[in-house]
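These are my notebook entries on a structure that I opened for the first time. I set down what I looked up, in the order in which I looked it up.

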Amino acid sequence: MSRAAKKERLVDTQSRHTILTLSRVARYGLRNFTRNAWLTIAATAVMVITLLIIFVTVVASSVLGEAITGQKQKIDLSLYIKANASEDVLRTLAGKLRIQPNVTEVGISTSENEYKKASKDNVEGWSLVVDEGIKPAIPAVIHVKLADMSKRKAIEKFISGDPQFKQWVDSSVANSQDVEARQQTINKLSSLMDIAGRVGIVAGSFFVVISVLIIFNTIRMTIFSRRDEISMMKSIGADSYFIRGPFLIEAELYGVIAAIIAMVVGYLLSTKLLPGLGGYIEVKQTKSFILHWWWLILLGMVTTGFVIGDLSARLALRKYLKKASR
């Protein structure tokens, strides 16, 4: 037999040995996972709660962030311009506003457009006025969106000091949008988002620690229950991976199975609760992400569960495996 053939045969033998070892490690790990039913259920249940808290925290942060963005988009300064102002005047005034610092968008709604809106929105009261043959003079509106509403005093100062705006702004009509109220709503939502994030981090960290402790003790008990078997394997020359592998797989299975359960529960809760919240705040982006990118969320949760289980097992193995083999 040639040297190349011998080398190829050796590599093939090593590959078979590696595959056989991995299959045995996986089989022993699965056996450990199913051997202690109550410990398995307890460890998996706590891990499910941990991952579910993380899931809920992320979703809640996304919903609140979307709500804040939606509120910010609704805030603007509404300048009411006298009804007899022509479209050229409106465009001139809008042009002056567009070049001001902090202004991101300027929109115009003519007196005629405002009249149509009022006719549509106030059917009962409007019909009484129209029946009398009166066509009310509805002011035109210039909507001004700012990058930072907290700095709106600068634009208000410009408007109050410009002669053209003084001539055409209808000061008899109050701003229909309560800017201060909306800003307060945004501030409250931001505070709520911070609180939700902190509560989620604290609760998640608490259950991560509990999960680690439960898996740690589960692996420790398994090590001590198999200490004679471990000593025998060491005495006949079993390598470290073959001894440690089943314990690692057992702990990692806790995380993976818990992640799948938590994802199913979280997905079902999201599909049930988010549509109901849609009537009060914006949830379209969050809902769309969960529906279309569920596999990415599942991957993240499986990875998190896998890492928690793996680290817990490694801590237990590092501390107790040597003791058990003595």
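The entries below go from the whole chain to the sheet, the surface patch and the salt bridges.

**Entry 1: basis.** I note that this is a predicted model, in which local features need pLDDT of at least 70 and side-chain atom pairs count only at pLDDT 80 or more, while totals for chains, interfaces and linings use all residues. Residues are numbered from 1 along each chain as its sequence is written, and side-chain values use heavy atoms, with hydrogens and water left out.

**Entry 2: whole protein.** I looked up the secondary structure and found 12 helices and 3 strands; these are DSSP runs, numbered from the N terminus, of at least four residues for helices (H or I) and at least two for strands (E). Of the 326 residues, 36% count as buried (buried is under 20% relative accessible area, exposed over 50%, partly exposed in between, with a 1.4 Å probe and protein chains only). The accessible surface comes to about 19700 Å², and 62% of that belongs to carbon and sulfur atoms; areas are from the Shrake-Rupley method with a 1.4 Å probe, and for residues only the protein chains shown count as cover.

**Entry 3: the sheet.** I traced an open sheet of 3 strands in the order E1-E3-E2, with antiparallel pairing; two strands pair if DSSP finds at least two bridges between them. Its edge strands are E1 and E2 (103-109), each of which pairs on one side only. Neighbouring strands are turned by 20 degrees against each other on average, direction ignored. Axes here are lines fitted to C-alpha atoms, for helices over the stretch in contact, and angles run from 0 to 180 degrees between N-to-C directions.

I then examined strand E1 (residues 77-81), where 5 of 5 residues are buried. Leu77, Leu79 and Ile81 lie on one side, and Ser78 and Tyr80 on the other. E1 is joined by 5 bridges to E3 (residues 140-146). Within E3, Val141 is the bridge partner of Tyr80, and Ile142 is that of Leu79.

**Entry 4: helices on the sheet.** Helix H3 (residues 87-98) packs on the sheet and touches E1, E2 and E3, its direction making about 170 degrees with that of E2; contact means heavy atoms within 4.5 Å. Helix H6 (residues 152-161) lies across E1, E2 and E3 and runs at about 15 degrees to E1.

**Entry 5: a nonpolar patch.** Phe289, Trp293, Trp294, Trp295, Leu296 and Leu299 make a nonpolar surface patch of about 620 Å². Patches consist of residues with over 30% relative accessible area and no salt bridge, like charges being joined within 9 Å and nonpolar side chains (Val, Leu, Ile, Met, Phe, Trp, Tyr) within 5 Å. Helix H12 (residues 294-324) gives the most, with 4 residues. Phe289 sits in helix H11 (residues 284-292) and counts as partly exposed at 40% relative accessibility.

**Entry 6: salt bridges.** I counted 4 salt bridges, each a side-chain nitrogen of Lys or Arg within 4 Å of a carboxyl oxygen of Asp or Glu. Glu87, Asp88 and Arg91 are linked in a network. The closest N and O atoms are 3.5 Å apart for Glu87 and Arg91, and 2.5 Å apart for Asp88 and Arg91. Glu87 and Arg91 both lie in helix H3, 4 residues apart.

How far apart are Arg314 and Asp310 in helix H12? They are 4 residues apart, about one turn of the helix, and their side chains meet in a salt bridge at 2.7 Å, N to O. Arg314 is partly exposed at 45%, whereas Asp310 counts as buried at 11% relative accessibility.
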